[in-house]
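Me: I want to learn how to read a protein model. Could you take me through it feature by feature?

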Amino acid sequence: MPKRRGAGRKTKLNNKLCLEIRTLVLEGKSMKEIAPLCNIPYKTMERWMTENYEGFADKMRSYKIERRLMRA
């Protein structure tokens with residue numbers, strides 16, 4: 001039996017969502033904590049990181065660096 005894909009609605013990575021995620025990262029939240037707060041399945045966020053979907057992995061890396069600089 002083939003694996004089912006796309007069972008739910010597709011989550012769009014838009015500027016508003018990126019800003020919300022950035023705010024949460026700067027507060028020190030992990031990806032596992034951020035996913036439910038943004039109503040995104042954790043597996044979707046993992047896939048975005050793995051595939052660097054629309055530069056998501058790069059953005060997360062820059063948000064984490066920004067957080068470290070703020071704390072220094």
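Reply: Start with a few terms. Contact means heavy atoms within 4.5 Å. Helices (H or I, at least four residues) and strands (E, at least two) are DSSP runs, numbered from the N terminus. Buried means under 20% relative accessible area, exposed over 50%, and partly exposed in between (1.4 Å probe, protein chains only). Now the case: what covers the buried residues of α1 includes α2, α3 and α4.

Me: Before we go on, what kind of model is this, and how are residues numbered?

Reply: This is a predicted model: local features need pLDDT of at least 70, side-chain atom pairs count only at pLDDT 80 or more, and totals for chains, interfaces and linings use all residues. Residues are numbered from 1 along each chain as its sequence is written, and side-chain values use heavy atoms, with hydrogens and water left out.

Me: How many helices and strands does the protein chain have?

Reply: There are four helices and zero strands. From the N terminus on, the elements run α-α-α-α.

Me: How much of the protein chain is buried?

Reply: Of its 72 residues, 29% count as buried. Accessible areas come from the Shrake-Rupley method with a 1.4 Å probe; for residues, only the protein chains shown count as cover. Here the accessible surface comes to about 5600 Å², and 52% of it belongs to carbon and sulfur atoms. Contacts tell you about the chain as well. Among those between residues at least 6 apart in sequence, 49% join residues at least 24 apart.

Me: How do I check the span of a helix?

Reply: Compare it with the expected span, which is 1.5 Å times one less than the number of residues. α1 has 12 residues and reaches 16 Å from its first C-alpha to its last, close to the 16 Å expected. Helix α4 (residues 56-71) has 16 residues and reaches 23 Å, close to the 22 Å expected.

Me: Which residues of α1 and α4 are buried?

Reply: In α1 they are L17, C18, I21, L24, V25 and L26. In α4 they are F56, A57, M60 and Y63. Seen down the axis of α4, these fall within an arc of 125° (taken from the directions from the helix axis to the C-beta atoms), so they line one face of the helix. The face turned away from that buried side carries the exposed residues R68 and L69. The cover over the buried residues of α4 includes α1 (15-26), α2 and α3 (42-51).

Me: What makes two rings a pair?

Reply: Rings of Phe, Tyr and Trp (its six-membered ring) pair if their centres lie within 6.5 Å; planes under 30 degrees apart count as stacked, over 60 as edge-to-face and the rest as tilted. The structure holds two aromatic pairs. W48 and Y53 are stacked, at 5.5 Å centre to centre with 20° between the planes. W48 and F56 have centres 5.3 Å apart and planes at 70°, so that pair is edge-to-face. Ring pairs link W48, Y53 and F56 into a cluster.

Me: Is Y53 buried, exposed or partly exposed, and what about W48?

Reply: Y53 has 22% relative accessibility, so Y53 counts as partly exposed. W48 has 1%, so W48 counts as buried.

Me: What sits over the ring of Y42?

Reply: A charge sits over a ring if NZ of Lys or CZ of Arg is within 6 Å of the ring centre and within 35 degrees of the ring normal. Here the charged end of K32 sits over the ring of Y42, 4.3 Å from its centre. K32 lies in helix α2 (residues 31-37). K32 is exposed, with a relative accessible area of 56%.
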